[in-house]
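Reader: I am new to this structure and would like to know what stands behind the terms used for it. Please take them in turn.

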Amino acid sequence: MSNTQNFRVFRELNLVTSALFRAADRDLLAREGIRTAHQAILFVLRVEDGLTSSEIANRAGLSKTRLLGLADTLETKSLITRDRGTQDARQQVIKITNEGRAVVDRTNGWVRNLNASLMSQFDDSEKAVIERFLREVHRTARDIEAT
């Protein structure tokens with residue numbers, strides 16, 4: 001175990017996040033031909049379909065520019081459709097297709113298993129601390145973004 005006084009949280013979060021998403025992307029790419037960022041978009045649309053690209057980007061934690069590139073791939077794979085907004089023709093309204101819903105259905109268990117695996121070594125009190133820590137990291141990130 002490292003000395004907690006010298007533990008560099010920011011560095012470790014970066015390393016852990018990069019490693020986790022590389023592994024998850026590799027697995028999801030082999031299973032479904034998409035990456036975790038694509039999956040996040042599909043999950044958002046499975047909860048509420050017919051959102052604008054800005055709404056999806058916000059809910060999925062993506063920049064609008066990144067979302068549009070990812071949406072190109074999802075559209076090519078027939079997992080989403082895109083239409084112009086009825087109120088504003090500059091807006092894109094994105095909808096999940098039946099095949100996109102099927103991908104979400106197939107990968108829901110995979111995500112649940114990954115979450116369970118990540119938390120399996122911790123007791124309930126440790127899980128509560130981890131949850132509180134991650135929520136605080138998220139709040140701090142939002143505060144930094146707002147400045």
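Author: F7 lies in the segment before α1 (9-32). This is a predicted model, in which local features need pLDDT of at least 70, side-chain atom pairs count only at pLDDT 80 or more, and totals for chains, interfaces and linings use all residues. Residues are numbered from 1 along each chain as its sequence is written, and side-chain values use heavy atoms, with hydrogens and water left out.

Reader: Why is F7 called partly exposed?

Author: Buried means under 20% relative accessible area, exposed means over 50%, and partly exposed is in between (1.4 Å probe, protein chains only). F7 has a relative accessible area of 42%, so F7 is partly exposed.

Reader: What makes the nonpolar surface patch?

Author: F7, V9, F133 and L134 make this patch of about 340 Å². Nonpolar side chains (Val, Leu, Ile, Met, Phe, Trp, Tyr) are joined within 5 Å, and like charges within 9 Å.

Reader: How many helices and strands are there in the protein?

Author: The protein has six helices and three strands, in the pattern α-α-β-α-α-β-β-α-α along the sequence. Helices (H or I, at least four residues) and strands (E, at least two) are DSSP runs, numbered from the N terminus.

Reader: What share of the 147 residues is buried?

Author: Buried residues make up 25% of them.

Methods
Patches are made of residues with over 30% relative accessible area and no salt bridge: like charges are joined within 9 Å, nonpolar side chains (Val, Leu, Ile, Met, Phe, Trp, Tyr) within 5 Å. Accessible areas come from the Shrake-Rupley method with a 1.4 Å probe; for residues, only the protein chains shown count as cover. A salt bridge is a side-chain nitrogen of Lys or Arg within 4 Å of a carboxyl oxygen of Asp or Glu.
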